[in-house]
Amino acid sequence: MNGSEEKETARKYGQLFDEFGDSYKTLNWGSQEGQNLRFKVLSEIDSIAGENILDVGCGLGDFADWFKKRNIPVNYTGLDLTGELVQQAQKNHPTHEFMQGNILDDLLLEKLMERHFDYVFASGIFYTYSQGSYSWMQSAISKMWSLCTKGLAFNSLSAWAKDLEPTEFYAEPLKTIEYCRQLSPRIVFRHDYHPGDFTIYMKRGKL
């Protein structure tokens, strides 16, 4: 993502927040059920109760709500591009930490590297890309992988979907898997929960 795309993404979500406020619609999800389904699948990477997690593209902190409602205690930190969302998320969840920034920002990454995150998660962050989509996606995966000590879980719209929106980025699953295999041999690929979406788990350790 170049600088203009970063600004456009932040602007887009800022406008959605102005329109919908504290709602899943601000995150451009088709339904809250769809958002929660993706949270459920991401969380199944491992038993994560009590772990330190980083939620990249956290939006309004809805993943933190998801954990709370299911009595899964986690030490949660959220990161998002859009200032309005970060401010609302912090208001909604005063006991958690929220940060504004881009995961590809080297200065931000240095600060995050000083922290300890067992797991890093990213839900719905890739679909807005239009220029250099795979390059940005791979860079983001690499950065997120560098921050976790136990595992990374992320999802993406799938190029295997039947109906593709021309303005959205759909990743080719096999191409994505091939890149992830360069970082870790311990990979789980899931395309079993939604016809137009896939999730990948990457774990530390040897096979």
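Select Ser 184 to start: in this predicted model, Ser 184 counts as buried, at 2% relative accessibility. The cut-off for buried is under 20% relative accessible area. Ser 184 is found in the loop between helix H7 (173-183) and strand S6 (187-190).

Now show the side chain of Ser 184 and look for its polar partners. A polar atom of this side chain lies 3.1 Å from the backbone nitrogen of Arg 186. A polar atom of the side chain also lies 2.9 Å from the backbone oxygen of Lys 203. Next, select Trp 145, Met 202 and Lys 203: these are the contacts of Ser 184 once its neighbours within four places in sequence are left aside.

Move on to helix H5, residues 106-113. Which residues of H5 are buried? Select Leu 108, Leu 109 and Leu 112 to see them. Turn the view until you look down the axis of H5. The buried residues fall within an arc of 100°, so they line one face of the helix. On the face turned away from that buried side, select the exposed residues Leu 107, Glu 110 and Lys 111.

Then go to the N-terminal end of H5, which Asp 105 caps. Here a side-chain oxygen of Asp 105 lies 2.9 Å from the backbone nitrogen of Leu 107.

The next stop is a pair of helices. Select H2 (residues 32-43) and H3 (residues 62-69), which pack with their axes 10 Å apart and at an angle of about 70°. That angle makes H2 roughly perpendicular to H3. Show the side chains where the two helices meet. From H2, pick Gln 35, Asn 36, Phe 39, Lys 40, Leu 42 and Ser 43; from H3, pick Asp 62, Phe 63, Trp 66 and Phe 67. Coloured by class, the contact of H2 with H3 shows five nonpolar, three polar and two charged residues.

Is Asn 71 buried or exposed? Asn 71 is exposed, with a relative accessible area of 68%. Check the backbone angles too: phi of Asn 71 is near 55°, a positive value in a residue other than glycine. Most residues other than glycine have a negative phi.

Conventions
Residues numbered from 1 in each chain as written. Predicted model: local features only at pLDDT ≥ 70, side-chain atom pairs only at ≥ 80, totals over all residues. Heavy atoms only, no water. Buried < 20%, exposed > 50% of the residue type's maximum accessible area, 1.4 Å probe, protein only. Helix = DSSP H or I, 4+ residues; strand = E, 2+ residues; numbered from the N terminus. Arc of directions from axis to C-beta. Polar contact = N/O pair within 3.5 Å; in protein donor to acceptor, adjacent residues only side chain to side chain. Axes fitted to C-alpha atoms, helices over the stretch in contact; angles between N-to-C directions. Parallel < 35°, antiparallel > 145°, perpendicular 65-115°, else oblique. Contact = heavy atoms within 4.5 Å. Nonpolar A, V, L, I, M, F, W, Y, C, P; charged D, E, K, R; others polar.
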